[in-house]
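Trainee: I would like to learn how to read some features of a model. Where do we start?

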Amino acid sequence: MITSFRLKTVIGIAVIEAVLLGILIYNVLGFLHQSGERQLVDRVDTTARLFASMTTDAVIATDLAAVESVVAELMTTPDLVYARVRNREGVVLAAAGDAQVLAQPFQPDSAITSITDAIYDATIPIAVKGVNYGRVELGIDIAALQRIERSAQRFSLILAVVEMGLVALFSLFLGHYLTRQLSALTTAAGKIARGEFGYHLPVKGSDELAMTAAAFNRMSSHLFEYIQRRNAVMNMAVDAIFTLDSRDRVAEFNPATLRIFATIPEEMLNVPLLDRLIINYPPELPAWLQRQRAMVPSDVGDGHHFDFEATGQRYDGSQFATEITISLTLLESMVLTTVYLRDISDRVAAENSLKLSEERLKFVLEATGEGVWDWLIPQQRVHHNHHWCDILGLSHDYLEHEI
């Protein structure tokens, strides 16, 4: 699944914020829990020690009235669920508080996390100089503490949700701000791809995005200048100049190409070069093209061209002699294949006509019965017949090469 850079920015910031916020809330709630537990344990311990101190004399004297009075007075302590005094044999001397809780077996608690009935049970021995006379038992209601912790958890959760919402909103605005020039860069790249060479982006600021926009503008200007020069050359050229795609099909061409091949633009585009436009080409040409394109683009440079003569074929099926150069150049990290094709039909016809004229001249010279010497000064060429060789007593090769 492809997501936008803006959405990735929002998700990335939200994830980072969620992790940091989770760590913060976990630590805060942990601190609140430990602080509340420590305060509760200290309170219970202080209350139990005070309770044991107040009942020591009464227990030693077995003054049940005094013990009950102390228990009754202790029950005025907030959140105290019950209080109980036992002698050394475990007999209850006095008790007050919730009868249902008093009826249950006593089991002291060592930590808040182990409490299941919302009552922290604690006990302290009644001892004097190492002699045990009994113990006091009491229970503190921790429901209020648990309510505070739950409230803190709810508040933390609400705070986290609000914080995440604000972070998401801020990230959205930040992503929009950061991706404005990226969106403009995408639009500009599309314009270049559609042929609007020279298109420039507005450059704002001096950050990395602004530097990227400036680099794009420089590239666009260089590309525009290259295309302008290239188009001027191609339009004025009398020879056919056209580029090939990766399948060796015509991708772009100049007006001379249409004139030489006697066709129209619609018929010329995407036409294969080999076997359709050019026949009788060297057999090693396809392998050379494939090998050159497989090279690292940076290795493509001067000298990567293939020169040969072949037969061109027009759209009406007529054929003509051609002189061809296929060149590979590097343009913006892309290998460009360009074909330069010249119609040499007139030159070949002139050469053939000259060759035929020379053959006719030799025939005439040999047919005559007299010695003939013809020296063509401008061309520095000598024509003579065998009668002239006989007259001079020289061989044909000597006259051909030495004179």
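Mentor: With strand pairing: two strands pair if DSSP finds at least two bridges between them. Helices (H or I, at least four residues) and strands (E, at least two) are DSSP runs, numbered from the N terminus. This is a predicted model: local features need pLDDT of at least 70, side-chain atom pairs count only at pLDDT 80 or more, and totals for chains, interfaces and linings use all residues. Residues are numbered from 1 along each chain as its sequence is written, and side-chain values use heavy atoms, leaving out hydrogens and water.

Trainee: How many bridges join E1 to E2?

Mentor: Five; E1 (residues 80-87) and E2 (residues 92-97) run antiparallel. Alanine 83 has alanine 96 in E2 as its bridge partner. The two strands form a hairpin with four residues between them. In the turn, glycine 90 has a positive phi of about 90°.

Trainee: Which residues of H2 are buried?

Mentor: Buried means under 20% relative accessible area, exposed over 50%, partly exposed in between (1.4 Å probe, protein chains only). In H2 (residues 64-74), Val67, Val70, Val71 and Leu74 are buried. They share one side of H2, because they cover an arc of only 100° around the axis; the arc is that of the directions from the axis to the C-beta atoms. Ala65 and Glu73, on the other side, are exposed.

Trainee: What about salt bridges?

Mentor: Side chains of opposite charge can pair when their charged atoms come close. The criterion is a side-chain nitrogen of Lys or Arg within 4 Å of a carboxyl oxygen of Asp or Glu. The structure holds ten. One of them joins aspartate 45 and arginine 49 (3.1 Å, N to O). These two are four residues apart in H1 (residues 5-60), so about one helical turn separates them.
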